Amino acid sequence: MEGILQGVLQGVLLGLVGLSAIIWLGLLLFWGQFWRADQRLTEQIWSQLYSQPEDWPTVAVVIPARNEAELVGMAVRSHLTQSYRGPLSIVLVDDQSTDGTAEVATQVAQDLNKINNLTILSGKPLPAGWSGKLWAMEQGYLCLQPQPPDYVLFTDADIEHDSDSIQQLVAKAEAENLDLVSLMVHLRAQSFWEKLLIPAFIFFFQLLYPFSWVNHPAKKTAAAAGGCSLIRFSALQQINGLQAIRTALIDDCALGAAIKANGPIWIGLSTTTRSLRAYPTLQSIWNMVARSAYTQLNYSPGILIGTVIGMVWVYLLPPIGAGLGLRLGSWPIVGAGLIGWGLMAAAYWPTLRLYKGMPLLVLALPMIAFLYMLMTIDSAYRHQRGQGGEWKGRVYGDMRSQG
């Protein structure tokens, strides 16, 4: 009887581990080729799209900023030193900062003798039913209404743009008649925890929103990266600015979906436009993820439970199965576990290579996924305690009822 029971248990384990491997094979073959990390702005001679500077569209950069004095100077400098050949202006929306954010930005513009290119907009108090960043973006959008530009670039106060960034973004939009061009900027990966966890953050984002599907007009999948989103101003007017998504905490993807409902969009990866934001410790990365992970699950306990089961099955079961198979002396289970683990590692490698990570870290994805799973559970716990969505001294919680 004991032998029969052991045989049944091994059969069940083999089925579970084998199905995990099949899932990874299916993801690699049929899930929008998300793992390739190959959606980039191609190397073209963008300057030849229009022969004269006056032919290039007008662009206004809108930077929402709240207590960003430490980083905003580098961000503003990167915009004031752009190689863009057309008319370019910068609007910094100072969202009631208390650390001299506006003064730092002004000083940079004065040092570069480009104070006329920078407008400092003092943010109004946050009204009910708005997330802070979107309210700042909306004020920037409204500020541009009297003389609307052709494009508006929404970017963050902690993003340093490559000198050719705006030229490339506009050229991409103009050449392919896109309403939105967005870049997932290169996140900082210098500390131990950043090197371990940040590339996986990008990997998971691509898994949730396969870029090739986002970029396909016939696919419903939509997303954008809030740190760098160039939007045709007429497309923004068509959705009435940021009003429609004013309660969204995952504002970039909500904006991408709203724009794609009316026109084509594109999202890609960048290695030259980069985030200056440091997440040097596990706690800092944990807080960043826990702030919005439960929002991604639509505040649903059922979806949370399903997500946890799915992550255990897909990420943890292959290595656990391989280990249990060794202990049980079942080589089919060992083989199924190693195949699943290997497919997982193969999927992760292009993104890890983008971040110049150690090759052996591809094998650490199950452990990394386990940490992200714990962050997601903690995110739900924080929301239940009324501490969810905290950022820059504001706690938003579930804002759906305010929509």
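**Strand 1 and its setting**

Author: The protein exposes about 18,100 Å², of which carbon and sulfur atoms supply 59% (accessible areas come from the Shrake-Rupley method with a 1.4 Å probe; for residues, only the protein chains shown count as cover). This is a predicted model, in which local features need pLDDT of at least 70 and side-chain atom pairs count only at pLDDT 80 or more, whereas totals for chains, interfaces and linings use all residues. Residues are numbered from 1 along each chain as its sequence is written, and side-chain values use heavy atoms, with hydrogens and water left out.

The secondary structure comprises 14 helices and eight strands (DSSP runs numbered from the N terminus: helices are H or I with at least four residues, strands are E with at least two). The radius of gyration is 23 Å, close to the 22 Å that the globule rule gives for 403 residues, so the protein is as compact as a globular protein of that length (the radius is taken over C-alpha atoms; the rule is 2.2 Å times the number of residues to the power 0.38). Along the principal axes, the C-alpha atoms fill a box of roughly 85 × 50 × 40 Å. Of the 403 residues, 53% are buried (buried means under 20% relative accessible area, exposed over 50%, partly exposed in between, with a 1.4 Å probe and protein chains only). Among contacts with a separation of 6 or more, 81% link residues 24 or more positions apart (contact means heavy atoms within 4.5 Å).

Strand 1 runs parallel to strand 2 (residues 88–94), and seven bridges join the two. Opposite Ala65 stands Asp94 of strand 2. Elsewhere in the sheet, strand 6 (residues 180–186) and strand 7 (residues 228–232) run antiparallel, joined by three bridges; there Val181 has Leu230 of strand 7 as its bridge partner.

Asn67 is found in the loop between strand 1 and helix 2 (69–80). At 26% relative accessibility, Asn67 counts as partly exposed. Asn67 and Thr272 are 205 residues apart in sequence, and their C-alpha atoms are 25 Å apart in space.

Two helices complete the setting. In helix 10 (residues 282–290), Ile285, Trp286, Met288, Val289 and Ala290 are buried, and their cover includes helix 6 (192–208), helix 11 (293–296) and helix 14 (365–384). In helix 12 (residues 301–328) lies Met311, which is buried at a relative accessible area of 15%. Beyond its neighbours within four places in sequence, Met311 is in contact with Leu316, Ala369 and Met373.

Key:
Two strands pair if DSSP finds at least two bridges between them.
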